[in-house]
Amino acid sequence: MDAAVKPRLEWKTAQGPVPYPEALAEMEARVDAITAERAAEQVWLLEHPPIYTAGTSANDADLIDARFPVYRTGRGGQFTYHGPGQRVGYVMLNLKNRKADVRAYVEDLEQWLIETLALFGVKGERRQGRVGIWVVRKNREDKIAALGVRIRHWVTFHGVALNVNPDLSHFAGIVPCGVRDHGVTSLADLGIAVTMADVDAALKQSFEKIFGA
């Protein structure tokens, strides 16, 4: 693909929970196709059944209670929970046709989440040394969104997870992202009642602001 040509991008939304192995296999296949210039870039919005995933930096001591299936994955980061009520966004972009800068890409993902939360009146913030997006609540800070990425031949995969209305007790089986001193929250926990369709629309609007249509 000529670098001067604006990248093509497809949006895909799963209608029901997608088993993690199935999602990973589909992502891997799509990344290979994008690398070979046989497929367009893609943002895949979905939910998983309750699971824990371990990134390349995961510490086994952070798995407190393996009440759900645990999957070792090649993404960066530590232990993360995925489950119903959490919107996962798998992002498969060819950075060679955009900006071949891993740090800038991660910052763009963070900004994507921050801009999305702002559409619902929530101030999401970065924290030095703590991956993800955080919300200040009185005298504490809770994590509302996580991210973990992998890049192969400058094509990205894995992505972000935004807590819309998950069962927050499910996070108790792990130390989320290795951070012991802070909790987790969600839009629903903050008193914001939105549908997943509302969140998807906000994610798409904010994504196009950061990454282009």
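Biologist: Is L162 buried or exposed?

Modeller: This is a predicted model. A residue counts as buried when its relative accessible area is under 20%. L162 has 1%, so L162 is buried.

Biologist: Where is L162 placed?

Modeller: L162 sits in strand 10.

Biologist: Which residues is L162 in contact with, neighbours within four places in sequence aside?

Modeller: The list includes G85, Q86 and R87. L113, T116 and L117 are also on it.

Biologist: How far apart are L162 and S57?

Modeller: In sequence, 105 residues separate L162 from S57. In space, their C-alpha atoms are 21 Å apart.

Biologist: Now the cores. Which residues have the most contacts inside the largest nonpolar core?

Modeller: First the general idea. Nonpolar side chains tend to be buried together in soluble globular proteins. Here, the largest nonpolar core holds 31 residues. V91, Y105, L109, W112, I144, L187 and F207 have the most contacts inside it.

Biologist: Which elements each supply at least two residues of this core?

Modeller: Two helices do: helix 2 (102–118) and helix 3 (196–211). Strand 2 (41–46), strand 8 (130–137), strand 9 (140–152) and strand 10 (155–163) do as well.

Biologist: What does L109 touch, beyond residues up to four places away in sequence?

Modeller: L109 touches V91, L147, V149, V160 and F211.

Definitions and conventions:
Residues numbered from 1 in each chain as written. Predicted model: local features only at pLDDT ≥ 70, side-chain atom pairs only at ≥ 80, totals over all residues. Heavy atoms only, no water. Core = buried A, V, L, I, M, F, W, Y, C linked by side-chain atoms within 4.5 Å. Buried < 20%, exposed > 50% of the residue type's maximum accessible area, 1.4 Å probe, protein only. Helix = DSSP H or I, 4+ residues; strand = E, 2+ residues; numbered from the N terminus. Contact = heavy atoms within 4.5 Å.
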